[in-house]
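User: Please take a close look at one part of this model, the sheet and the helices packed around its strands. I would like one connected account.

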Amino acid sequence: RPLPYVKHNNALPAPPIDARGFHVFLSHVWGTGQDQMRIVKQRLLEMIPDLSVFLDVDDLEDISDLEGYIDRTQFIFIYCSKGYFQSKNCLREIISSYTKDKSIMACVDHDQGRGGLSLEQIKEQLVEAEGSYGKWGFAEDAPKGDALYAKLFEHEALEWERIGAFQDVTMRLIAERVLYANEVQTPSGRMLTRIKTDLGGK
């Protein structure tokens, strides 16, 4: 259902963006993240109907312009799962997010039977990916794995949940972070105060 204001119970509007822009970019690898990202997009639009959500299967017109899509997006949601850090295009997305200093939310899935990764595995795989930079044609000064990991987890990551009530909480947190993407860079107290003041629920 739509996400309401506490004060007057009206649905929250999406922040203004450029005509070709997006509020959130769902970065994932198809093999272990496509189904989850379809759920995220669907549920975000249920909560904030006028939100513009980039999902590659719906919105990607030119894969050579991945960096352009990142540039035109306010907030980058990265679903960390098996295969993500071995994918050239996924690394293009995270490196572009780093170099453009985008607001990022990492989402982890600790169910390794469904493609989940631990934080230690994510860091190891980011460092290992450096060995592929040359064959992928990345610039010599592209950010290294340790720097990408620090950016990815600059703010507390979310854990993906599949059980209804727990997934509701995860989706609400995603929606709040998307709405206040421009405040993620400010002290957390300010962001949390605004969320508690304006949004309904706990």
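Predicted model: local features only at pLDDT ≥ 70, side-chain atom pairs only at ≥ 80, totals over all residues.

For context, the protein chain has 9 helices and 5 strands, and along the sequence they follow the pattern β-α-β-α-α-β-α-β-α-α-α-β-α-α. Of its 202 residues, 50% count as buried. Among the contacts in the chain with a separation of 6 or more, 72% come from residues 24 or more positions apart.

Strand 4 (103–108) is mostly covered, with 6 of its 6 residues buried. Ser103, Met105 and Cys107 point one way from the strand, while Ile104, Ala106 and Val108 point the other way. Strand 4 is joined to strand 3 by 6 bridges, and these two strands run parallel. Within that pairing, Ile76 has Ile104 of strand 4 as its bridge partner. Strand 4 is also joined to strand 5, in parallel, by 2 bridges; here Cys107 has Leu158 of strand 5 as its bridge partner. In general, strands of a sheet pair through backbone hydrogen bonds, either parallel or antiparallel.

The loop between helix 4 and strand 4 contains Asp101. Phi of Asp101 is near 55 degrees, a positive value in a residue other than glycine. Most residues other than glycine have a negative phi.

Helix 5 (residues 119–129) has Ile122, Gln125, Leu126 and Ala129 as its buried residues. These residues cover an arc of only 105 degrees around the axis, which puts them on the same side of helix 5. An α-helix has 3.6 residues a turn, so residues three or four places apart point the same way. On the other side of helix 5, Glu120 and Glu128 are exposed. The buried residues of helix 5 pack against strand 3 (73–80), helix 4 (88–99), strand 4, helix 6 (133–136) and helix 7 (145–152).

Helix 7 has Gly145, Leu148, Tyr149, Lys151 and Leu152 as its buried residues. They cover an arc of only 165 degrees around the axis, which puts them on the same side of helix 7. The buried residues of helix 7 pack against strand 3, helix 4, strand 4, helix 5 and helix 6.

Helix 5 and helix 7 pack at an angle of about 140 degrees, and their axes are 7 Å apart. That angle makes helix 5 oblique to helix 7. The crossing of the two helices is right-handed. On the helix 5 side, the contact is made by Leu119, Ile122, Lys123, Leu126 and Val127; on the helix 7 side, it is made by Gly145, Asp146, Leu148, Tyr149 and Leu152.

Note on methods: Residues numbered from 1 in each chain as written. Heavy atoms only, no water. Buried < 20%, exposed > 50% of the residue type's maximum accessible area, 1.4 Å probe, protein only. Helix = DSSP H or I, 4+ residues; strand = E, 2+ residues; numbered from the N terminus. Arc of directions from axis to C-beta. Contact = heavy atoms within 4.5 Å. Pairing = 2+ DSSP bridges. Axes fitted to C-alpha atoms, helices over the stretch in contact; angles between N-to-C directions. Parallel < 35°, antiparallel > 145°, perpendicular 65-115°, else oblique. Left-handed = near helix turned anticlockwise from the far one by under 90°.
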